[in-house]
Amino acid sequence: YQRRVHGSPADHVGPRFFGGEMIGSIIFLNSRGDILLSRAFRDNVNIRSLGEAFRTQIIATKLADRTPCRTLGSVSFLHMRHENLYIVATTRTNVNAALVFQFLARMLAIFRAYFGDVTEDSVKENFVLIQELIDEVCDYGYPQATEVDVLKLYITSQGLNPSLMQKPRDQSQITIKATGKINWRREGIKYRKNEVFIDAIEEVNLLMSQTGNILSRDVSGKIVMKSFLSGMPECKFGLNDKLMLEKERHNSKRYAEIDLEDVTFHQCVRLGKFDSDRTISFIPPDGEFVLMRYRTTENVSPPFRILSPVVNELGKTRIEIDFRIRAEFTSRLFGTNVTVKIPCPNNTASCKINVGSGKAKYDGPSKAILWKIRRFPGGYEFRFGAEIQLISSTSETSRWSRPPISLQFQVPMLASSGLHVRFLKVHEPKLNYQAVKWVRYISKAGTYECRI
């Protein structure tokens, strides 16, 4: 699970975090309310009556679209909609609703890892496999092992792994992995070359006025790690987070301080250590995983800026659009796959387009001009001009609302928030090797718009 720093589940989801409460049953229903699959964990559960109550009093009355939690009599229904399915957890006690929904979402992720899209047909086709997985991830109503890598050691797409039945030693090792303190990583991993790849991926959201004033901006980022490390390595990770630098009394001016908000971590991170001294320490899972997510609203540097957008409506049949776009980052970097979407009226007949770089053409289905620049060097500025011919109409039509210009882009080796990976220390006490570390930054567009 990914965990929130404050007021979040702790190291793993288990009975002690439910305070003696539990899930009574899990039911999969289609959009009509027919039961496709169910699993009861308590003796006082009647699946047929629960399914009928959910169909007649929640689906039929449209309550399913309004609230994910509903109590009917003494039973609480906690459900989520996915494709054409309802996944429902029922309980007769006051469970932690956030943990139940987190568990249902995690269960869906496990199913996707095994057989792809979770739909009504795939549930029917993988009925036995889903039942086996539910029995492993939930015991007597309590969520247990939810790590896909651990589950795949003894449950394959064909069911229980038969090779384990002849290997008692492997069975005991799996028990340790599934129930141990570090259930996200198995022991005995060995690599000839020990490497760690770190990707800081940031989505920039920005809204700019016609005059160039920034109305809102923020960055939603995540740190993705891909670890190929032997043994059980201890890792320490450092960023230029304001609170982290203050805790360390870091006097160096090398790193600009940034204020991270809404930080969430992978379950491998020791939250107690982070709360006490802001140190991010962990034993990483093998392979790729999201170490942390964050958001920041301060000192966000927009990679691109739309300059002087001008829209002239010349009569009822012609519109002229003119603006410039400039890359605000250093000349050592460049943007890739930059796409500028310039909206046009619904009655557009043709467009005459003039651009300083790249290619632009009118796209009928999206009612917009798409200007594509494969490589946009930092510090450069390109101009866009277009004359749009409209189809004249005798009927009174509503005035064109002038939707905003939107951008899509990627800028490698740029962190728009100012985030910087200060260090990553890897220590394996038994093997004592030197790991090779690679760091990459990527900024890309989220909702990036400029009004015209």
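In the hairpin formed by strands E11 and E12, five residues lie between the strands, and Gly212 adopts a positive phi near 100°. The model is predicted: local features require pLDDT of at least 70, side-chain atom pairs count only at pLDDT 80 or more, and totals for chains, interfaces and linings use all residues. Residues are numbered from 1 along each chain as its sequence is written, and side-chain values use heavy atoms, with hydrogens and water left out.

Helices (H or I, at least four residues) and strands (E, at least two) are DSSP runs, numbered from the N terminus. Two strands pair if DSSP finds at least two bridges between them.

E11 itself spans residues 195–208 and is mostly covered, with 12 of its 14 residues buried. Buried here means under 20% relative accessible area, exposed means over 50%, and partly exposed lies in between (1.4 Å probe, protein chains only).

**The chain as a whole**

Eight helices and 26 strands are found in the protein chain. Of its 452 residues, 46% are buried. Among contacts (heavy atoms within 4.5 Å) with a separation of 6 or more, 70% are between residues 24 or more positions apart.

**Helix H1**

Helix H1 covers residues 47–59, and its buried residues are Ile47, Leu50, Gly51, Ala53, Phe54, Ile58 and Ile59. Viewed down the axis of H1, these buried residues fall within an arc of 160°, so they line one face of the helix; the arc is that of the directions from the helix axis to the C-beta atoms. The strands against which the buried residues of H1 pack are E2 (25–30), E3 (35–40), E4 (69–72), E5 (75–82) and E6 (85–91). At the N-terminal end, Asn46 caps H1, with a side-chain oxygen 3.2 Å from the backbone nitrogen of Arg48.

Asn126 lies in the loop between helix H3 (120–125) and helix H4 (127–137). Its relative accessibility is 17%, so Asn126 counts as buried. The side chain of Asn126 reaches the backbone oxygen of Ser122 at 2.8 Å.

Glu234 is located in strand E13 (residues 234–239) and, at 32% relative accessibility, counts as partly exposed. Leaving aside residues up to four places away in sequence, Glu234 touches Arg270, Phe282, Ile283, Lys425, Val426 and His427. The side chains of Glu234 and Arg270 are joined by a polar contact of 3.0 Å. Although Glu234 and Glu428 are 194 residues apart in sequence, their C-alpha atoms are 6.1 Å apart in space.

The largest cavity is lined by Leu239, Asp241, Met244, Leu260, Val263, Phe265, Phe274, Arg278, Ile280 and Met292. A cavity is a set of points, on a 1 Å grid over the protein atoms alone, where a 1.4 Å probe fits but cannot get out; lining residues have an atom within 4 Å of a point.

Definitions and conventions: A polar contact is a pair of N or O atoms within 3.5 Å; within protein, one must be able to donate a hydrogen and the other to accept it, and residues adjacent in sequence count only if both atoms are side-chain atoms. On a 1 Å grid over the protein atoms alone, a cavity is a set of points where a 1.4 Å probe fits but cannot get out, and a pocket is an open set with protein on both sides within 12 Å along at least five of seven lines; lining residues have an atom within 4 Å of a point.
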